[in-house]
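Dear colleague,

I am handing over the structure below, and after it you will find my notes on what was found. Please read them with the model open beside you.

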Amino acid sequence: MLLAFVLSLINPAPLHLRRLGYVRESGLLHARSRRCRRAWAPHLAQAKEVVAQAAAGCADRRLAVVLGSGLLDDVPLDILAKGFGAVRLVDAVHPWPTRVAVRHYPNVALVTAEISGGLSDPAVGQALQGAGFVVSANLLSQLPILPIEAYERRGREAPALLGTSIVEAHLAILTASARAGATVCLITDTLQREEDRHGHEVATLDLMYGVRLPEPSLAWDWELAPFGEVAGSRRFVHRVHAYPDWGASTW
Ligand SMILES: C[S@@+](CC[C@H](N)C(=O)[O-])C[C@H]1O[C@@H](n2cnc3c(N)ncnc32)[C@H](O)[C@@H]1O
């Protein structure tokens with residue numbers, strides 16, 4: 001908690017994104033990723049491998065864009081920076097480890113943007129302009145969280161289909177990029193399983209808000225919160241789908 005608090009103070013971000021809670025969320029995620037380093041390692045390695053393979057198969061190597069770059073834990077930055085003419089990393093918050101990492105690569109730029117509104121933040125459309133390779137890296141399930149929380153903080157209920165429309169808007173951006181000729185790689189957690197210590201499933205949560213995704217090329221489990229992280233007798237496991245070529249998966 002202390003690490004998350006300190007990070008929420010020192011990570012730079014525009015005031016409106018800070019007020020919306022993105023800096024706080026980024027700090028919490030950073031702290032949890034370090035606490036759960038061992039449990040997350042197989043998921044992060046798998047995700048990195050999927051992105052690296054998708055990048056290797058991409059013909060247009062002028063520009064790669066990573067949506068939800070965050071801490072770059074699931075992004076093979078070196079491969080992208082060396083394999084593409086330019087790389088744009090897009091996130092609401094670029095934490096310090098990422099800011100330090102990109103200093104080694106003059107062709108890598110940081111773009112600060114709010115991605116949950118589809119293309120309503122012009123910075124998202126600008127970042128995607130001319131992309132030959134687009135990655136959405138463990139971002140999609142996160143997009144509805146703060147917009148829904150914003151209603152709840154004001155004591156109001158979020159519109160019933162808010163989560164669904166945010167998920168759909170993001171997929172629409174990815175599909176449009178693929179139709180424009182980019183290779184699009186989508187990695188997202190889709191379903192949360194809450195399990196007890198006997199391996200019994202006690203609850204599930206649809207992280208896609210009812211949006212049905214096509215059959216993934218690859219799928220795996222991500223132990224998001226091992227026993228003790230959220231509750232002593234419960235762990236949370238997320239089912240991850242990977243689409244190294246989203247365009248081919250959808251038509
Ligand atoms: C689970 S993390 C993704 C992990 C990241 N690829 C990494 O390796 O650290 C989700 C990322 O999405 C970003 N994010 C969540 N909602 C966002 C939004 N509405 N606009 C822009 N970025 C957002 C967060 O700041 C965070 O960095």
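Helix H3, which spans residues 22-35, crosses H8 at roughly 120 degrees, and the axes of the two come within 11 Å; axes here are lines fitted to C-alpha atoms, for helices over the stretch in contact, and angles run from 0 to 180 degrees between N-to-C directions. Helices (H or I, at least four residues) and strands (E, at least two) are DSSP runs, numbered from the N terminus. H3 and H8 are therefore oblique to each other, given that angles under 35 degrees count as roughly parallel, over 145 as roughly antiparallel, 65 to 115 as roughly perpendicular and the rest as oblique. On the H3 side the contact (heavy atoms within 4.5 Å) is made by Tyr22, Arg24 and Glu25, and on the H8 side by Leu146, Pro147, Glu149 and Arg153. These residues divide into three nonpolar, no polar and four charged, where Ala, Val, Leu, Ile, Met, Phe, Trp, Tyr, Cys and Pro count as nonpolar, Asp, Glu, Lys and Arg as charged, and the others, Gly among them, as polar.

This is a predicted model, in which local features need pLDDT of at least 70 and side-chain atom pairs count only at pLDDT 80 or more, while totals for chains, interfaces and linings use all residues. Residues are numbered from 1 along each chain as its sequence is written, and side-chain values use heavy atoms, with hydrogens and water left out.

H8 (residues 145-153) also packs with helix H9 (residues 162-179), at an angle of about 155 degrees and with the axes 9 Å apart, which makes H8 roughly antiparallel to H9. Pro147, Ile148 and Tyr151 of H8 meet Leu162, Gly163 and Ile166 of H9, and the residues of this contact divide into five nonpolar, one polar and no charged.

A polar side-chain atom of aspartate 91 lies 2.6 Å from an oxygen atom of the ligand, and a polar backbone atom of leucine 71 is 2.8 Å from a ligand oxygen atom. A nitrogen atom of the ligand is 2.8 Å from a polar backbone atom of isoleucine 115.

Aspartate 121 sits in the loop between strand S3 (108-112) and helix H7 (122-128), and its side chain reaches the backbone nitrogen of glutamate 114 at 2.8 Å.

Best regards

Technical notes:
A polar contact is a pair of N or O atoms within 3.5 Å; within protein, one must be able to donate a hydrogen and the other to accept it, and residues adjacent in sequence count only if both atoms are side-chain atoms.
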